[in-house]
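Thanks for coming, everyone. Please have a look at the model on the screen, and then I'll walk through it.

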Amino acid sequence: MDIFLRLLVAIGIALLVTAVASLVLHLVFRALGRRERWAAALSRRTKHPTRTTLLLAMLWTAFSTSIPRDAERFPWRDEVSHVFLIAMIGVGCWLACELAIFLESLGLHKYRVDVPDNRVARRVRTQVLIIRRLTVAVLVIIAVGAILLTFPGVEAAGASVLASAGLLSVIAGLAAQTMLGNVFAGMQLAFSGSIRVDDVVVVETQWGRIEEITLTYVVVHLWDDRRFVLPSTYFTSTPFENWTRTGSELLGAVEFDLDWRVSPSEMRDELDRILETSTIWDGRTKVLQVTDAVGGLVRVRILVTAPDAGSLFDLRCYVREEMVEWMQRQHPEALPLQRVQLTDPVQERAAPRRPRRENDSQLFGEGDERSALFTGPIQTSGIRAEDVPPERR
């Protein structure tokens, strides 16, 4: 009973030391956070794993100092110590991952993506996210390997695995060919700059934004709030449209099929008035052209520009709506019409026929001599006149 009482006292002291240490760290980082931005971010990021690590370390120390090494009286001491070791490795991996994420994101706040010209910021953010996921994956693999090595039988198995590493690497490469291809494709996307987070793309005739880029797949947030999940190899092997590859500014078209009585000059004046009242037109381009005039209709195309894809879609809808209302109100004659000519079939049959001219039946209309060359008797050399029948003479 003395040993268990001593264990309870040690656990109480461990909890007290953990609470005091956590409070001191909190006050220190709180004071630093008032002057340094990184201190506040580090405190928020590592608060829970740090406290958990301290708590486990204190409890393990209390247990080790309270329970003596006596296999007969306490045969479960080694198993409990083993559990503490595994827990410490897991919590240490958690703390290491949080520290790595903090260091990788230390200067990320300088690159804002909520501004119009955010191409560089989106590229940096994409690369940091890929590096973050790769770092976490490596740390987790190391932690799992360290946990496995704590078991006595795994060390011998590890030696045999290392001896046949060549064969295992070939088998693993064949089994994980698709996964490794996606991993390398994800790293290529992150550092090549072909796509970045928040890029506007068109894939499989679907319009959307790049929401997330992982080591194996890419998530596209479609315009109707659906998510299109594609493997990373899709963007390295299949053509796709990237509307914000070099900048977020875009140019869009609005087309109308109108009647021939439309006035393009008045439409230009109305377009100027519409764009002057718009808050999403960036002022770079405004063009109105008649691009086609066949088939009974006139095609008018309007080109406008906007700072980003979402604003361009809204601007095109706004210009189209204002133009339709203006034509309905001011120039209804410009609306597209379908012209149909109705005739009386009885009058068509009663219409007098054109008199037949003498040369209507002549070939090529060039007289009897040229017609005779094609319709008259065929003259063949070496045939005597008496051999020709009377009716052909």
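Asp198 counts as partly exposed, because its relative accessibility is 26%. On that scale, buried means under 20% relative accessible area, exposed means over 50%, and partly exposed is in between, with a 1.4 Å probe and protein chains only. Asp198 sits in the loop between helix 7 (177–192) and strand 1 (200–203). Helices here are DSSP runs of H or I with at least four residues, strands are runs of E with at least two, and both are numbered from the N terminus. Asp198 is not a glycine, yet its phi is positive, about 80°.

Before going on, the ground rules. This is a predicted model, where local features need pLDDT of at least 70, side-chain atom pairs count only at pLDDT 80 or more, and totals for chains, interfaces and linings use all residues. Residues are numbered from 1 along each chain as its sequence is written, and side-chain values use heavy atoms, with hydrogens and water left out.

Next, Asp225. Again not a glycine, and again a positive phi, about 70°. Asp225 is in the loop between strand 3 (217–222) and strand 4 (227–231). Its relative accessibility is 54%, so Asp225 counts as exposed.

Now helix 2. Where does helix 2 bend? The bend is at Thr46, by about 55°, and Pro49 follows within four residues. The bend is the angle between axes fitted to the seven residues ending at a residue and the seven starting there. What about the span? The 30 residues of helix 2 should span 44 Å at 1.5 Å a residue, and the end C-alpha atoms are 43 Å apart, which agrees. The expected span is 1.5 Å times one less than the number of residues. The buried residues of helix 2 include Thr46 and Pro49, along with Leu42, Leu56 and Phe63.

Helix 2 (residues 37–66) also has a partner. Its axis comes within 10 Å of the axis of helix 3 (residues 77–104), and the two cross at roughly 170°. Axes are lines fitted to C-alpha atoms, for helices over the stretch in contact, with angles from 0 to 180 degrees between N-to-C directions. Helix 2 and helix 3 are therefore roughly antiparallel. By class, their contact has 20 nonpolar, seven polar and three charged residues. Nonpolar is Ala, Val, Leu, Ile, Met, Phe, Trp, Tyr, Cys and Pro; charged is Asp, Glu, Lys and Arg; polar is the others, Gly among them. As for the angle terms, under 35 degrees is roughly parallel, over 145 roughly antiparallel, 65 to 115 roughly perpendicular, and the rest oblique.

On to helix 9, residues 264–276. Its 13 residues reach 18 Å from first C-alpha to last, close to the 18 Å expected. Which residues of helix 9 are buried? Met267, Glu270, Leu271, Ile274 and Leu275. Seen down the axis, these buried residues fall within an arc of 135°, so they line one face of helix 9. The arc is that of the directions from the helix axis to the C-beta atoms. Asp269 and Glu276 are exposed on the other side.

Last, a pair that involves Leu275. Tyr318 lies in helix 10 (residues 309–330). Tyr318 counts as partly exposed, because its relative accessibility is 27%.

That's my set. Over to you.
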